[in-house]
Amino acid sequence: MEQTWSIRLIRFAAIFGIIGTFLGSQMSGSMDYSMRPIHAHILLVGWLSVFAWGIFYKVYSIKYKKLVPIHSILGMLGALGMTAGMWMYNLNPFNLNETFVMVFFIVGGSLLLLAFLLFVPITFLINKQEN
């Protein structure tokens with residue numbers, strides 16, 4: 001279970017890494033740094049955090065296997081929702097209703113927060129022979 005979710009998380013993180021570095025290159029080339037907060041969150045949440053979770057699941061075996069997909073899905077949805085919500089909140093490129101955009105942003109951030117909160121007990125629920 002952990003091995004399957006490990007590679008899924010790492011692949012998901014790799015996509016965020018490409019998006020984040022492309023956005024950084026674009027900002028640098030155009031000398032327009034207005035997307036700095038979005039760029040930073042894409043790399044910190046989507047690349048770094050999700051990648052770290054993937055490596056954790058590669059290294060450790062978890063006692064309660066059902067927590068692994070719950071945490072992974074929450075983390076991926078949260079990273080995607082928060083960064084997309086932040087982008088829409090700052091730019092609103094589709095001219096969506098402001099309330100919808102704010103709720104989208106908040107829900108994404110809340111899912112990400114739940115993933116981080118769930119990860120703490122998961123780190124204590126590893127099989128003892130591996131710690």
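Predicted model: local features only at pLDDT ≥ 70, side-chain atom pairs only at ≥ 80, totals over all residues.
Colleague: Got it. At what angle do α1 and α2 pack?

Modeller: Helix α1, residues 2-30, packs against α2 at about 160°, and the two axes are 7 Å apart. Angles over 145 degrees count as roughly antiparallel, so α1 is roughly antiparallel to α2.

Colleague: And what classes of residue make up the contact of α1 with α2?

Modeller: There are 18 nonpolar residues in that contact, along with 9 polar and 3 charged ones.

Colleague: Let's zoom out. How many helices and strands does the protein have?

Modeller: You'll find 4 helices and 0 strands. Reading from the N terminus, the order of elements is α-α-α-α. The C-alpha trace spans about 50 × 35 × 20 Å along its principal axes.

Colleague: How much of the protein counts as buried?

Modeller: The figure is 39% of the 131 residues.

Colleague: How far is A13 from F119?

Modeller: Their C-alpha atoms are separated by 17 Å, and the two residues are 106 apart along the chain.

Colleague: Why give two numbers for a pair of rings?

Modeller: Because a pair of aromatic rings is described by both the distance of the centres and the angle of the planes.

Colleague: Okay! And F56, is that buried or exposed?

Modeller: Buried means under 20% relative accessible area. F56 comes out at 12%, so it counts as buried.

Colleague: New topic: S61. Where does S61 lie?

Modeller: In the loop between α2, residues 36-59, and α3, residues 67-91. Although S61 lies in a loop, it is buried because its relative accessible area is 15%, and the cut-off is under 20%.

Colleague: Which side chains does the side chain of S61 make polar contacts with?

Modeller: One is the side chain of K65, at 3.0 Å. Another is the side chain of N127, where the polar contact is 2.5 Å.

Colleague: Last one, about backbone angles. Which loop holds M31, and what is its phi?

Modeller: M31 is in the loop between α1 and α2. Its phi is near 60°, which is a positive value in a residue other than glycine. M31 has 60% relative accessibility, so it counts as exposed.

Colleague: And what about the phi of N92?

Modeller: N92 has a positive phi too, of about 45°, although it isn't a glycine. You can find N92 in the loop between α3 and α4, with α4 covering 98-124.

Colleague: Thanks, that helps a lot!

Conventions: Residues numbered from 1 in each chain as written. Heavy atoms only, no water. Helix = DSSP H or I, 4+ residues; strand = E, 2+ residues; numbered from the N terminus. Buried < 20%, exposed > 50% of the residue type's maximum accessible area, 1.4 Å probe, protein only. Polar contact = N/O pair within 3.5 Å; in protein donor to acceptor, adjacent residues only side chain to side chain. Axes fitted to C-alpha atoms, helices over the stretch in contact; angles between N-to-C directions. Parallel < 35°, antiparallel > 145°, perpendicular 65-115°, else oblique. Nonpolar A, V, L, I, M, F, W, Y, C, P; charged D, E, K, R; others polar.
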